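Visitor: I'd like a close look at just one part of this model. Could you pick a helix and walk me through how it sits against its neighbour?

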Amino acid sequence: MIGFMPGYYWKSSWAIISPIAMLLIIIGSFVFYTPAYYGDYVFPPAAEAAGWIMSLSSFLVIPGYMLYAVGFRAKEGSLVERIKYLVKPTEAWGPLLNEHRREAGYEDHKLVDDPMTNVYHKKQQYTAYGQDVADDLPPPYVISNGHI
């Protein structure tokens, strides 16, 4: 994706340093917790609970889905075998176009057999922000009677 393999610094940051830092921040927020207050007013426990629920709701989705996937999606094998099965990419993983899949060392797939899809994607010209499309291509939507 970026044209070269990231170095050890980035790999260790993504795989080790960042997760450990996030875990320490979460543990620290529990260890050094003080009740919320505004001036002399201390918020009631129900308000505290609502705040914690809102804070954790975005975070707990990730480990919650992991537990669901390990417990229900992969039903056979030991715990380690189920985790290995779940983290293995599917055959469709990789570049969309078969020519790019071959360049990257992937096998061809049949996801883009439609000639219009292949023509559209082959002519698409991306900028650094992925906003430009070649001028001779129709937009990816059709307007009829003023509606998309």
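**Helix α2 and its partner**

Guide: The crossing, as α2 passes α3, is right-handed. On the α2 side, the contact is made by Ala-69, Val-70, Gly-71 and Arg-73; α3 brings Leu-79, Arg-82, Ile-83 and Leu-86 to it. Sort the residues in this contact of α2 with α3 by class and you get five nonpolar, two charged and one polar.

Keep in mind that this is a predicted model. With that said, here's the rest of α2. The helix runs over residues 45-73 and isn't straight: at Ser-57 it bends by about 45°. Buried residues in α2 are Glu-48, Ala-69 and Val-70, and the buried residues of this helix pack against α3, which spans 79-87. Ala-69 and Val-70 also turn up in the list of contact residues.

Met-66 is another one to click on, and it too lies in α2. Its relative accessibility is 45%, so Met-66 counts as partly exposed, given that buried means under 20% and exposed over 50%. Ile-83, you'll recall, is one of the α3 residues making the contact with α2.

Terms used:
Residues are numbered from 1 along each chain as its sequence is written. This is a predicted model: local features need pLDDT of at least 70, side-chain atom pairs count only at pLDDT 80 or more; totals for chains, interfaces and linings use all residues. Side-chain values use heavy atoms; hydrogens and water are left out. The bend at a residue is the angle between axes fitted to the seven residues ending there and the seven starting there. Helices (H or I, at least four residues) and strands (E, at least two) are DSSP runs, numbered from the N terminus. Buried means under 20% relative accessible area, exposed over 50%, partly exposed in between (1.4 Å probe, protein chains only). Contact means heavy atoms within 4.5 Å. A crossing is left-handed if the near helix is turned anticlockwise from the far one by less than a right angle, and right-handed if clockwise. Ala, Val, Leu, Ile, Met, Phe, Trp, Tyr, Cys and Pro count as nonpolar, Asp, Glu, Lys and Arg as charged, and the others, Gly among them, as polar.
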